[in-house]
Amino acid sequence: MRKKNACMLFLTAFIWGTAFVAQSVGMDYLGPFGFNGIRSFIGGIALLPCIYLLGKLNKREKGNVENSGKRKDLIAGGLSCGVILFAASSMQQLGLQYTTAGKAGFITAFYIVLVPVLGIFLKQKTGWKVWLAVAIALAGLYFLCITESFSIGKGDIYVFIGALLFSLHILVIDHFAPKTDGVKMSCIQFFVAGVLSLIPMMFWETTTADGIVKSWIPLLYAGVLSSGVAYTLQIIGQKNMNPTIASLILSLESCISVLAGWVILGEQLSVRESMGCVLMFVAIILAQIPGPSSEIAQKEAC
């Protein structure tokens, strides 16, 4: 089961990494909130047939419906994930207006370090390797984001705030995923994120039918694959899996985003930015290496 979960999370990382290209190209004709709102609704709608078919299969196998306790967890989880997803994806999409897809992918991957750090507030132990990883990651972010004139792009700031919110999103999923249906919760979160995105879109952006038509390929990729498929795979893949290990696999999106940006968009990183990417990747791996005590705890849990 864990190998199956790992495959799901790797596929999620691949889709997310390549989706940075779609998100970047999609904003040639749409604003960030309009793009996110439409992609979220597409993702939610894409899951409706899956929910219907899975519901039919579950009724045949179990012959019962979910109890009120599970229904409450489903609604609470969907609303919580939807609000956080709206905030995180909005910051990321705003940042993509001012930075490259490759850089955005690596900055977003900083959530891999943030997940165990935020776990402190949930009374989870954090070893010295995590703090060393944080220090290395901060050095990597310095080289990746801050120029030689000691200025930082606002796009990088937006994406970093998004990374912080995505780390919170992972922890919320870790809390609700074992308690309810992952596909249904994913569907609810998309509709919540879509509705919330429409509010700023109506006030601050001009979304036209022509712009939507011209962005149909990035919208479908980001909506059906990045939203509908990948976020659902994340929720199902994280079920009964250590969130730190899950975040390690998801961190591969950073490397994939750089490769996709280079191959498809022709983006290139400077030597300074490349050094920052290397440092961040080292920090990501270091933060996920389990210590002796955690290995014993995992064996006992099994």
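What pattern does the protein chain follow when read along the sequence? The protein chain follows the pattern α-α-α-α-α-α-α-α-α-α-α-α-α-α, and its secondary structure comes to 14 helices and 0 strands. Helices (H or I, at least four residues) and strands (E, at least two) are DSSP runs, numbered from the N terminus.

This is a predicted model, in which local features need pLDDT of at least 70 and side-chain atom pairs count only at pLDDT 80 or more, while totals for chains, interfaces and linings use all residues. Residues are numbered from 1 along each chain as its sequence is written, and side-chain values use heavy atoms, with hydrogens and water left out.

**Burial and contacts**

Of the 302 residues in the protein chain, 49% are buried; buried means under 20% relative accessible area, exposed over 50%, and partly exposed in between (1.4 Å probe, protein chains only). Among contacts (heavy atoms within 4.5 Å) between residues at least 6 apart in sequence, 91% join residues at least 24 apart. Helix 4, residues 101-108, is mostly covered, with 8 of its 8 residues buried; Lys-103 and Phe-106 are among them.

**Nonpolar cores**

A nonpolar core is a set of buried Ala, Val, Leu, Ile, Met, Phe, Trp, Tyr and Cys residues joined through side-chain atoms within 4.5 Å. The table sets out the two cores.

| Core | Residues in core | Members include |
|---|---|---|
| Largest | 27 residues | Leu-9, Trp-16, Leu-85, Tyr-111, Phe-166, Tyr-231, Leu-250 |
| Second, separate | 14 residues | Val-117, Val-134, Ile-136, Cys-277 |

The members named for the largest core are those with the most contacts inside it. One of these, Trp-16, touches Tyr-111, Ser-226, Ala-230, Tyr-231, Gln-234, Leu-250 and Glu-253, not counting residues up to four places away in sequence.

Ser-40 lies in helix 2 and is buried, with a relative accessible area of 7%. With residues up to four places away in sequence not counted, Ser-40 touches Phe-190, Ala-193 and Gly-194.

**Packing of helix 8 and helix 10**

Helix 8 and helix 10 pack at an angle of about 135°, with their axes 9 Å apart. Axes are lines fitted to C-alpha atoms, for helices over the stretch in contact, and angles run from 0 to 180 degrees between N-to-C directions. Helix 8 is therefore oblique to helix 10; angles under 35 degrees count as roughly parallel, over 145 as roughly antiparallel, 65 to 115 as roughly perpendicular and the rest as oblique. In this contact, Gly-182, Val-183, Met-185, Ser-186, Gln-189 and Phe-190 of helix 8 meet Ser-227, Gly-228, Tyr-231, Thr-232, Ile-235 and Ile-236 of helix 10.
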